[in-house]
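Dear colleague,

I am handing over the structure that we spoke about, and below it you will find notes on what turned up in it. Please read them with the model open beside you.

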Amino acid sequence: MDKGESMNEIYQEYARPVYLYLQSLCHDEKLAEDLTQETFYRATRSIHRFRGDCRLITWLCQIGKHIWYQELEKRKKRGAWQPLDENIASEGDDASVNMESDEGRISLFRAMQGLDATAREIVYLRVMGDLSFQQIGEILGRTENWARVTFYRAKEKLRKGWNQDE
């Protein structure tokens, strides 16, 4: 981070990628907005601890991912966790209604549930978060090549699953 770069400038540059990343994790636009705000709030409070060992977007996404995991723990304790399919089809959420009308996307999300958690996260980050393989590797603490290969294998598994359904 440049010394002259203010948190407002950082927010302007990175809010959308962080939001897309969090949305790829939680599949809920409103919750992703809340998580994004909390991410930048915490980043503001701890910017003095940013050492520059990684890119700023990577650091912000790690904060967001940590907040998302905290949210999952809270929901589990309250018994409020629902599987992905129920979240997609919940009533009253415009995004859910749009998703429901798009059977292909719902079918894709259901098929993705058959992937292991790491592969599923990489597919979400690539497809929904529109992140590069380099960014995905940085976020997950791995290499760009690892992210690329894992995405390819997941894509092939999804393709084979769809061909069997037809």
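How many helices and how many strands does the secondary structure of the chain come to? The answer is 9 helices and 0 strands, where helices (H or I, at least four residues) and strands (E, at least two) are DSSP runs numbered from the N terminus. Read from the N terminus on, the elements run α-α-α-α-α-α-α-α-α.

Before the details, a word on the basis of these notes. This is a predicted model, in which local features need pLDDT of at least 70 and side-chain atom pairs count only at pLDDT 80 or more, while totals for chains, interfaces and linings use all residues. Residues are numbered from 1 along each chain as its sequence is written, and side-chain values use heavy atoms, with hydrogens and water left out.

The chain as a whole

Of the 166 residues of the chain, 41% count as buried, a word that stands for under 20% relative accessible area, with exposed meaning over 50% and partly exposed what lies in between (1.4 Å probe, protein chains only). Among contacts (heavy atoms within 4.5 Å) between residues at least 6 apart in sequence, 56% join residues at least 24 apart.

The core

The largest nonpolar core has 43 residues, and Tyr21, Trp59, Leu60 and Ile136 touch the most other members; such a core is a set of buried Ala, Val, Leu, Ile, Met, Phe, Trp, Tyr and Cys residues joined through side-chain atoms within 4.5 Å. At least two residues of this core come from each of α1, α2, α3, α6 (103-112), α7 (117-127), α8 (133-139) and α9 (144-165), and α1 gives the most, with 10 residues. Ile136, not counting residues up to four places away in sequence, touches Ile122, Leu125, Arg126, Leu131 and Ala147.

Helix α2

Helix α2 covers residues 29-46, and at 1.5 Å a residue its 18 residues should span 26 Å, which agrees with the 26 Å between its end C-alpha atoms; the expected span is taken as 1.5 Å times one less than the number of residues. At the start of α2, a side-chain oxygen of Asp28 comes to within 3.0 Å of the backbone nitrogen of Lys30.

Which helices do the buried residues of α2 pack against? They pack against α1 (7-26) and α3 (56-78), and the buried residues themselves are Leu31, Ala32, Leu35, Thr36, Thr39, Phe40, Ala43 and Ser46.

Ala32 is buried, with a relative accessible area of 0%, and its contacts, leaving aside neighbours within four places in sequence, are with Tyr19, Leu22, Gln23 and Cys26. Ala32 and Val18 are 14 residues apart in sequence and 8.9 Å apart in space, C-alpha to C-alpha. Thr36 is likewise buried, at a relative accessible area of 4%, and with the neighbours within four places again left aside, Thr36 is in contact with Ala15, Val18, Tyr19 and Leu22.

Gln23, found in helix α1, is buried with a relative accessible area of 15%. Not counting residues up to four places away in sequence, Gln23 touches Asp28, Glu29 and Ala32.

Leaving aside its neighbours within four places in sequence, Arg42 is in contact with Ile63, His66, Ile67 and Gln70. A polar contact of 2.8 Å joins the side chains of Arg42 and Gln70, the term meaning a pair of N or O atoms within 3.5 Å, of which, within protein, one must be able to donate a hydrogen and the other to accept it, while residues adjacent in sequence count only if both atoms are side-chain atoms. Arg42 and Ile67 are 25 residues apart in sequence, and their C-alpha atoms are 9.5 Å apart in space.

Aromatic rings

A search of the whole structure finds 3 aromatic pairs, a pair being rings of Phe, Tyr and Trp (its six-membered ring) whose centres lie within 6.5 Å, with planes under 30 degrees apart counted as stacked, over 60 as edge-to-face and the rest as tilted. In one of these, the rings of Phe50 and Trp59 have their centres 5.1 Å apart and their planes at 50 degrees, so the pair is tilted. Phe50 counts as buried at 14% relative accessibility, and Trp59 counts as buried at 15%.

With kind regards
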